[in-house]
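Have the sequence and the fold open while you read.

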Amino acid sequence: MPARKLRQHHDHFATRSVHVGSEPDHFTGAVVPSLSVATTFVQDGIGKHKGHEYARSSNPTRSQLEALLTSLETSPISATSESSHEDVSGGDACVFASGSAATAAMVYWVSLQREEGGAGGDGKGGGGHILAINDVYGGTARFLSRASKPTGVQVTYIDMEKAGEQGIRAALREDTKLVWLEVPTNPLFLVPPLPLIAKIVHSIPKENRPLVVVDSTFLSPFYCTPLIPCGDALPMADVVLTSLSKYSGGHSDLILGSLTVSPRTVQAKPHLLKGLRFLQNSFGATASPRDCHLMVRSLKTLSVRALKHGLNALQIAAWLDARPEVEDVKYVGLKSSKAFHMVTHLLSANAKRELEYLGWEFPYVVAETEGTPGTLAHTKTLGVPFGGMIGFRLKGASEAQTEAFMLRLRLVSLAESLGGVESLIEAPYGMTHASLPVAVREDLGITPNLVRLSVGIEDACDLIADLRQAFKVLA
């Protein structure tokens, strides 16, 4: 077969999600790539294989998903091939059996020996330092603070919003290998100053420069692509960590995670991918080909689902903000949010393009006509869709009252996780962040009356009606 031309194109996000990693079968013409379930692959001689030796190390279906993720996380700046099915960005991704497995690999990389592709830790087979945002997902906090102890990795947590440039610089050490961020954070919806952090990190000499890791699970690559620069600004991350189980999968039926490395970082630190691949293979926490196959399918509709999640969440956040039973609504896209000014810096070119089609202007301009609640004209006056996650507190509610409110809901299910087509609600204090010591929860502001709502793609009016009737238990 003649070599395929690789003339570069810059297909948009929705196009990439359908085509990259989904080349029609060469033998049957099937438009859906075949699922490769083989555990091992025939070789033409000793060490002469066709790209795959053993499925734990690599698998054709997993490779298709990794190419797709790389393309989406670097869209639209990076290139796609003439065929539209290949990622030619120069970046790369590693898919794991879960987001927690991806977290473990990234943390372990800090202390991994340099000859294996790691950061080298303290140079004695362990150690190293991570500077982390103080509010992180409970599973991440558990691994950073407890599970990683045998590696000797040290972790410092700071509120980067309050610390400012001077505080962040002071917290960085000579042995800092990673700056660990979430955008927004889980469950308090803090927004670390990513452009400022990028500026600080890039001012450090290359040989000592830590990597910036951003967990963008709450947003997905549809809403946020920190691996690529926005205009003349610096890229805001070297690596994006994602729990693919959430918005990427979108149907609450898959558990996968990924680490995607920017093209710039692949070029500047080629040992990073070597180390991550080594850990991916050594840990054995690799993804099932069947799950990868379903994830490729799910990502094809991410742009459609993510937009609906965001439109719904913006309307519901604004409605909650006006309710007497509620205080401290947390939705970054709401124009009254303290972090709203960050949306312009964080919103991806992909999302901006889709929202401009619907009539939004950037920088954000409040529409002159308010319109009727529930209409697009009215929604545009509320802020900017920015993911489907909302946090809020039930004013003066006890833990029992908070539970009663959530159990009263008819359409919204009381359950952990997020990002599915169905709406979910949970109380971080007693659920996703219950493993944190009580004193830590209280210090962070994770109180029993704090509620986290994952807004699905149901009709927004129906969801508002469900929330309204559930508030009656608080009367």
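In the largest nonpolar core, which has 104 residues, L320, I390 and F392 are the ones that touch the most other members. Helix α11 (residues 302–321) is the top contributor to this core, giving eleven residues. Keep in mind that this is a predicted model.

**Cores**
- Setting aside residues up to four places away in sequence, F392 touches L320, V326, E327, D328, V329, F405, N449, L450, V451 and L453.
- There's also a second, separate core of 28 residues, and F96, W109, L144 and L276 are among its members.

**The five-stranded sheet**
- Five strands make up an open sheet with mixed pairing, in the order β8-β9-β12-β11-β10.
- β8 (326–330) and β10 sit at the edges with a single partner strand each, so one side of each has no neighbour in the sheet.
- β9 and β12 run antiparallel and are joined by five bridges.

**Helix α15 and its two faces**
- Three residues of α15 (residues 399–408) are buried: T402, F405 and M406.
- Why do they end up on the same side of α15? They span an arc of only 95° around the axis, and that puts them on one side together.
- On the face turned away from the buried side, you'll find the exposed residues A400 and L407.

- T260 belongs to strand β7, which covers residues 257–261.
- Is T260 buried or exposed? Its relative accessibility is 0%, so T260 counts as buried.
- Leaving out residues up to four places away in sequence, T260 touches L69, T70, E73, D92, A93, L227, D238, V239 and V240.

**Cavities**
- How many cavities of 30 Å³ or more are there? The count comes to two.
- The largest cavity holds about 60 Å³ of space.
- Its lining is made up of P184, F189, F218, L219, Y331, V332, F386, G387, G388 and M389.

Methods:
Residues numbered from 1 in each chain as written. Predicted model: local features only at pLDDT ≥ 70, side-chain atom pairs only at ≥ 80, totals over all residues. Heavy atoms only, no water. Buried < 20%, exposed > 50% of the residue type's maximum accessible area, 1.4 Å probe, protein only. Helix = DSSP H or I, 4+ residues; strand = E, 2+ residues; numbered from the N terminus. Arc of directions from axis to C-beta. Pairing = 2+ DSSP bridges. Core = buried A, V, L, I, M, F, W, Y, C linked by side-chain atoms within 4.5 Å. Contact = heavy atoms within 4.5 Å. 1 Å grid on protein atoms, 1.4 Å probe; cavity = no way out; pocket = protein on both sides within 12 Å on 5 of 7 lines; lining within 4 Å. Points joined across faces, edges and corners; volume = space filled by probe spheres on them.
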